[in-house]
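Me: I would like to learn how to read the features of a protein model. Could you take me through one?

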Amino acid sequence: MEAAAVASSGTGLRCSINPVPNPQRISAGVRFTTKRQPCAATCRRLLLRPSARVYTAASAAIDSGAGYSGVSRKRLAVFVSGGGSNFRSIHEVALGGKVNGDVAVLVTDKPGCGGAEYARCNGIPVVVFPKSKSAPEGLSTDELLNVLRDLKVDFVLLAGYLKLIPGELVLAYPRSMLNIHPSLLPAFGGKGYYGSKVHKAVIASGARYSGPTVHFVDEQFDTGRTLAQRVVPVLANDTPEQLAARVLHEEHQVYVEAVAALCEDRIVWREDGVPLIRSRTNPNAFT
């Protein structure tokens with residue numbers, strides 16, 4: 001797969017140009033967002049200047065090595081509804097060469113969210129989905145599928161996207177769509193469990209452990225097959241904010257690790273339908 005164009009960001013890493021595709025080459029009726037363009041000051045703040053903490057944590061999650069030989073570079077669509085910190089960590093690490101893929105498009109139901117502003121400032125096309133009263137520029141499911149196909153998207157990554165994914169989209173990307181959830185699924189998952197609500201419920205339950213789960217996406221909320229998890233302690237005097245910060249730190253590592261494996265074709269499915277990650281350095285070892 002052809003890699004995205006790159007240019008210097010002045011930080012020692014390459015910064016993706018990845019301009020909005022020529023409208024004549026994209027399916028008729030598709031609308032990339034032009035509203036809510038952030039001001040120059042906002043773009044200067046959001047232009048990729050990799051956070052040492054996020055970049056180091058995410059990079060540490062991946063085995064050392066220059067890449068996965070013989071595997072074409074993948075194209076990724078990332079869905080967000082908020083600030084998109086997991087999206088940012090994946091984008092930064094991909095530009096640093098730690099993930100064998102490029103973010104081809106950012107999909108959001110909230111065109112003014114922080115993740116969408118970050119994408120625009122870093123030259124990543126933004127598509128609004130679904131269409132709604134608050135976002136009349138949004139696409140239908142069929143239009144979105146056409147955009148993803150036209151952009152040759154290989155994998156879909158949900159990173160804090162709060163809408164239920166339509167069945168047609170799930171069927172179009174079998175075993176090719178991941179989500180990250182801030183609890184140890186199947187506990188504290190499903191409709192209504194997102195953000196601080198998850199951490200409040202974990203603390204109220206008396207659970208001693210929590211942590212993020214990376215799972216494949218199916219037609220329901222948080223019920224797809226688990227791919228990877230990380231465990232953090234729930235401390236006696238934790239607030240939801242403190243627990244959330246501890247879990248988020250692990251999210252940035254485990255999601256990057258899972259996406260790296262996905263882009264290197266290192267996901268192996270057991271006969272019982274359980275996905276495993278093959279080690280990059282030892283093909284006989286799995287997690």
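The dialogue below goes from the whole chain to single residues.

Me: What kind of model is this, and how are residues numbered?
Reply: This is a predicted model: local features need pLDDT of at least 70, side-chain atom pairs count only at pLDDT 80 or more, and totals for chains, interfaces and linings use all residues. Residues are numbered from 1 along each chain as its sequence is written, and side-chain values use heavy atoms, with hydrogens and water left out.

Me: How many helices and strands are there?
Reply: Helices (H or I, at least four residues) and strands (E, at least two) are DSSP runs, numbered from the N terminus. The chain has 8 helices and 13 strands.

Me: How much of the chain is buried?
Reply: Buried means under 20% relative accessible area, exposed over 50%, and partly exposed in between (1.4 Å probe, protein chains only). Of the 287 residues, 50% count as buried. The chain exposes about 13,200 Å², an area from the Shrake-Rupley method with a 1.4 Å probe. Carbon and sulfur atoms supply 52% of that area.

Me: What share of the contacts joins residues 24 or more positions apart?
Reply: Contact means heavy atoms within 4.5 Å. Take the contacts with a separation of 6 or more: residues 24 or more positions apart account for 70% of them.

Me: Which residues have the most contacts inside the largest nonpolar core?
Reply: In soluble globular proteins, nonpolar side chains tend to be buried together. A nonpolar core is a set of buried Ala, Val, Leu, Ile, Met, Phe, Trp, Tyr and Cys residues joined through side-chain atoms within 4.5 Å. Here the largest has 36 residues. Phe87, Leu106, Leu157, Leu178, Val214 and Tyr255 have the most contacts inside it. Helix α8 (residues 240-263) gives the most to this core, with 9 residues. Apart from this core lies another, of 23 residues, including Leu148 and Val217.

Me: What does Val214 touch?
Reply: Set aside residues up to four places away in sequence. Val214 then touches Leu178, Asn179, Ile180, Thr226, Leu227, Ala228, Val254, Tyr255 and Ala258.

Me: How far apart are the end C-alpha atoms of α8, and what span should its residues give?
Reply: The expected span is 1.5 Å times one less than the number of residues. The 24 residues of α8 should span 34 Å, and its end C-alpha atoms are 33 Å apart, which agrees. Just after α8, Asp265 takes a positive phi of about 55°.

Me: At what angle do α3 and α4 pack?
Reply: Two packed helices are described by the angle between their axes and the distance between the axes. Axes are lines fitted to C-alpha atoms, for helices over the stretch in contact, and angles run from 0 to 180 degrees between N-to-C directions. Helix α3 (residues 85-95) and helix α4 (residues 114-121) pack at about 25°, with axes 10 Å apart. Angles under 35 degrees count as roughly parallel, over 145 as roughly antiparallel, 65 to 115 as roughly perpendicular and the rest as oblique. So α3 and α4 are roughly parallel to each other. Phe87, Arg88, His91 and Glu92 of α3 make the contact with Gly114, Gly115, Tyr118 and Ala119 of α4.

Me: Is Asn86 buried or exposed?
Reply: Asn86 is buried, at 6% relative accessible area. Asn86 is found in helix α3. Beyond four places in sequence, Asn86 is in contact with Ala159, Ile180, Leu248, Glu251, His252 and Tyr255. Its C-alpha atom is 9.2 Å from that of Leu158, 72 residues apart along the chain.

Me: Which peptide bonds are cis?
Reply: A cis bond joins Phe129 and Pro130, with omega about 0°. Pro130 sits in the loop between β5 (126-128) and α5 (141-150). The bond from Leu185 to Pro186 is cis too, with omega near 15°. Pro186 lies in the loop between β7 (177-181) and α7 (196-205).

Me: What is the phi of Lys152, and where does Lys152 lie?
Reply: Lys152 is not a glycine, yet its phi is positive, about 55°. Lys152 lies in the loop between α5 and β6 (155-158). At 53% relative accessibility, Lys152 counts as exposed.

Me: And Ala135: buried or exposed?
Reply: Ala135 is buried, with a relative accessible area of 0%. The residue is found in the loop between β5 and α5. Among the residues that Ala135 touches are Asp109 and Pro130.
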